[in-house]
Amino acid sequence: MSSTEPVIRIADLPDRVGQTVTVRGWVTHLRSSGKIAFIVLRDGTGLLQCVVVKKEVDEASWETFGTLTLETSITVTGAVRADARQVGGVELGVTTLSVIGASPLDYPIQPKEHGVDFLLDHRHFWLRTPRQVAIMRIRNEIEQGIHDFFYERGFLRVDTPILTAAIGERSGLFSTEYFDEGNAYLAQTGQLYGEAAAAAFGKIYTFGPTFRAEKSKTRRHLTEFWMIEPEVAFNDTHANMQLQEDFVSFLVQRVVERRRAELAELERDVTKLERIRGPFPRIDYTDAVATLQKKGSAVQWGEDLGAEDEALLVEDYETPIFICNYPKEAKAFYMKENPADPRTVLCDDMLAPEGYGEIIGGSQREDDYDKLLHRIQEEGLPLDAYGWYLDLRKYGTFVHSGFGLGLERTVAWICGTPHIRECIPFPRMMHRLRP
Ligand code: 4AD
Ligand code: MG
């Protein structure tokens, strides 16, 4: 191995045409015709065709080529040449080649169809394949976009605890013994802490893992997922929806602008994403139920909407839609009673188009001490765990609103992948804890 040549990442090679460089990566494809051989190398930034000509390399390098297998990690040194036929517009004319780490012939992922269970069992290798790389790069673009969006608008990022005593949502809980303090629960949401922080900093967001012991085996449920939860002092439910609309439009356009190649790898119809700009229709829950009943759904006023109902509602729209002001009994205890119809609360679900379902749940929060206390009691929640939360309504209560965006569902929609298990590096589901 030549130690004097600079080590360059494949994505940066187009700037190095005519130079001799060293590249390190994994073998993804091999082909040889006697005196000339080709290696396609992958280093996480791109693919590179390496050309090995027998009479142009030393004997050891030529012999090394003969030992290569899929996923062997190697170091190659050679000249960067322009070649318009190659991805990235360059190839490498190899002068030396050496192995870093061998890879036995039984590498589990072969260039053929594998079932999804097999792929999930080998998620540590599946992640190396082009489609998965594209999804993770889009996920990363969305994550960075989220931070940029809030930073530019003066929000403070607040990290909230994962071990908690207070329960945030109605869905299943993971609990663990916590010394002499009774049970600790893995956070289903950072929201309640986000509300405390909003009174300290005005505009905040949380970005963290959240946990739900849900026994649902649908394509939109994980037991561990990442949620982004902004909370804004003095925003009412209307301002809350405006923020959601701006936020989601920003994220989609950010991916459309910066991740064209990955969207193409996924064969995503980009024209559908380009249309994602506000305003998004705001539909009252009561009207939505009437529409659904006309479309043949059995849903009754008072019930939460299921996945099938959501799909029926979005089929008439190209952008996300808001369903607003659900019945109190269908939603969490902290939502503010709607003064115009006290049977309902000031909340919204944002449903993504193309049947991807609910990506956001948001609401104005109950800021009246007595009403909130009543709701906590009504839900049978342990009062001692909520004293601090009620305090926020006792000392300088304030109108405030926020929402939670599910990261994996958003990634699934933008990528056009039917199941969210591909949208997180190592998914946790009811029947999956490994790898
Ligand atoms: O609607 P949810 O339960 O709302 C909350 O947790 C509120 N505390 C948010 C807030 O107001 N700060 O969850 C919010 C979003 C859903 O719309 C969905 O996108 C995602 O989180 N989500 C899940 N994603 C994957 N797997 C699950 N099991 C999910 N449960 C919710
Ligand atoms: Mg919800």
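Guide: Let's start with two residues, Phe149 and Phe247, both of which are buried (buried means under 20% relative accessible area, exposed over 50%, and partly exposed in between, with a 1.4 Å probe and protein chains only). Before we go on, note that this is a predicted model, in which local features need pLDDT of at least 70, side-chain atom pairs count only at pLDDT 80 or more, and totals for chains, interfaces and linings use all residues. Residues are numbered from 1 along each chain as its sequence is written, chains are lettered from A and ligands numbered from 1 in the order written, and side-chain values use heavy atoms, leaving out hydrogens and water.

Now to the rings. A pair of aromatic rings is described by the distance of the centres and the angle of the planes. Rings of Phe, Tyr and Trp (its six-membered ring) pair if their centres lie within 6.5 Å; planes under 30 degrees apart count as stacked, over 60 as edge-to-face and the rest as tilted. Searching the whole structure turns up 20 aromatic pairs. One of them joins Phe149 and Phe247, a tilted pair with 5.1 Å from centre to centre and 50° between the planes. Because Phe149 belongs to helix 4 (residues 130-152) and Phe247 to helix 6 (residues 237-258), this pair ties together parts that are 98 residues apart in sequence. Helices (H or I, at least four residues) and strands (E, at least two) are DSSP runs, numbered from the N terminus.

For a contrast in angle, look at Trp388 and Tyr389: their ring centres are 5.9 Å apart and their planes meet at 75°, so this pair is edge-to-face. Tyr389 has a relative accessible area of 0%, so Tyr389 is buried. Trp388 is partly exposed because its relative accessibility is 28%.

Over the ring of Phe250 sits the charged end of Arg153, 5.9 Å from the ring centre.

Glu214 has a side-chain N or O atom 2.7 Å from a nitrogen atom of ligand 1, and Thr189 has one 3.0 Å from a nitrogen atom of ligand 1. A polar contact is a pair of N or O atoms within 3.5 Å. The protein covers 94% of the 620 Å² of accessible area that ligand 1 has on its own, by the Shrake-Rupley method with a 1.4 Å probe.

Finally, zoom out. The protein has 13 helices and 16 strands, and buried residues make up 51% of its 435 residues. Along the principal axes, its C-alpha atoms fill a box of roughly 85 × 55 × 40 Å.

Definitions and conventions:
A polar contact is a pair of N or O atoms within 3.5 Å; within protein, one must be able to donate a hydrogen and the other to accept it, and residues adjacent in sequence count only if both atoms are side-chain atoms. A charge sits over a ring if NZ of Lys or CZ of Arg is within 6 Å of the ring centre and within 35 degrees of the ring normal.
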